[in-house]
Structure formats: structure tokens, C-alpha cells
Amino acid sequence: MLDQSAYRHCPACEATGSTQVNAYSPDPWSVADCDTCSFVFLRNPPDYEALEEDFAWEKTYLTKQDSSKGSTVFSPLARKVRVRLNMFRDQNRWFVKWFGTGGKVLDIGCGTGDRLAPSLVPYGIELSKALHARADAHMKARGGACVQGAGAETIWDFDPGMFDGIVMFSYLEHEAEVMKVLKGAHRALKDDGGVFIRVPNYSSLNRRVIGPKWCGFRYPDHVNYFTLQSLTNVAARAGFTTQLVNKLTLPVDDNISVLLRKIKT
Ligand SMILES: [Zn+2]
């Protein structure tokens, strides 16, 4: 266990004081509640270099599948892929509606780079070197490009006001520097652009009932555990309004989906 001085500050409000939630902190990981704003986060995440090579999601996901008793790698994987593809198709309808046909859209944590509909021009940021190579080839063929790096650093390399839309799909729960990436998104977005965010819903009924076995817990990949309220708060601090997309299902939904717009000044 690390000493308190090595712990990460609250990613939402920068306060240093936080209290460990013991039920959700399997050794050596420490998940804590911010004493000031109640944001829930992993206090001792690995650094970017370790994530790049050791904790890339595709490796941890496959390891989990390999080790799960009585299941095969392929059938759950195939089911998961089918579910994800359907999900992307539905969400792409919204992306085209929100960001416009031909819109430049940045997908942060883009994986293999095939999430965005053909009518959008895809750009991406991907930390995993293996996934980045595939995403870049895919996106260049469609007039965009993928940059390899950490989201909170790399987003500052794009021109201000460059994008019609920014997508953070199952990404922000992995990002240690929440405010830095949201402020970077605000800068990189056109004034009438939008940011779509999908993260696990820490307030979900499932988490309350299942507790430590809830699917939203992943150590050490997930470093932030958002509620609609805490997500709205960090978005406001970065200059955004928040519109809830999955309004009807939120209480029983394991994920929160929101659309951010720039606060008009
Ligand atoms: Zn806080």
C-alpha cells in the first residue's frame, strides 16, 4: 500500500483529502471518496507508460476471458462484439444528427478506429500502440488520422475549434487527468460542436445491489467512477452544459450517456 502523500488528488476538485471505500479497494488498489466533493476515484493508478504496455484494455479483457471458469474466449467475445456493433450503429445516428454529415469528429480512446459512421470524417487519439497503428490506417483512408498518445496530453496538439464533435466512449473512466482532457476538448471544439461521453454509472442499481462484483469495477483500468451529478460538475468546470441522453433508463443502466455543449459566453 502506498502512503497518503503518493495518492492522487481528487480529479474533479483537486482536494487532497479522501477516504478509502474499503469494499471497493482490493489490495493494492485504493478506491476513495473525495472528502470535499464526494467524487469516487482510484487513488493510486499506474502511470501512462505502464498503461501503454502492461494494462492496455485489449490485453486485460482477453486475460479476463481466458481465466473465467467454464467459458470460452470466442462466444462471449462474439456476443460482446455484436452488442457493441449494434450500440455503435444506434449511437452513430445521434452523432450524425448532432455533429452533421461530413463533420470532423475526434474519437478519444478510439481503439481500432472504426466506431464512427462513414458520413463522418474520423480523427482519433489512442494510447495503445498496437491499436493506434490499425486506427490510423483506417482513419487516413477516410480523410482523417489517428495520433498515438495520452488523451489529456495529445488533445492540446490539435488546432482550436477544429472539431464538430468529440466522442469519449468508455474512455473518461480510464483518464487520470479528467479536467485537463475536458478543457482540451473545449478548446478543440467549434462553438456549436458537442462532446458525447459514455462512462460507467456508479449510481446504477446494479452497483448498489452487486457491490464489489459490479461490472463497472476494473482494476486498475478504471480510475474514475462517475455519477450523473459528478460528471455534470466536472463538465461545468470545463465550460460545458450537460444533457443526459439515456434519461429513461439511467437508474438501472450501468452506463451514463451525455452530450456536452459549450456554455455560451
Ligand atoms: Zn473532489
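**Calls and cut-offs**

User: Where is serine 170 found?
Analyst: Serine 170 is in the loop between strand E7 (163-169) and helix H6. Helices (H or I, at least four residues) and strands (E, at least two) are DSSP runs, numbered from the N terminus. This is a predicted model: local features need pLDDT of at least 70, side-chain atom pairs count only at pLDDT 80 or more, and totals for chains, interfaces and linings use all residues. Residues are numbered from 1 along each chain as its sequence is written, and side-chain values use heavy atoms, leaving out hydrogens and water.

User: What makes serine 170 partly exposed?
Analyst: Its relative accessible area is 26%. Buried means under 20%, exposed over 50%, and partly exposed in between (1.4 Å probe, protein chains only). The value of 26% therefore makes serine 170 partly exposed.

User: Why is cysteine 215 called exposed?
Analyst: Cysteine 215 has 53% relative accessibility, so it counts as exposed. Cysteine 37, at 32%, is partly exposed.

User: How many disulfides are there?
Analyst: A disulfide is a pair of cysteine sulfur atoms within 2.5 Å. By this rule the count is zero.

User: How do you know on which side of helix H8 the buried residues lie?
Analyst: In H8 (residues 228-237), the buried residues are Ser230, Leu231, Val234 and Ala235. They cover an arc of only 135° around the axis, so they are on the same side of H8. The arc is that of the directions from the helix axis to the C-beta atoms.

User: What covers these residues of H8?
Analyst: By contact (heavy atoms within 4.5 Å), the cover includes helix H6 (178-188) and strand E8 (189-200).
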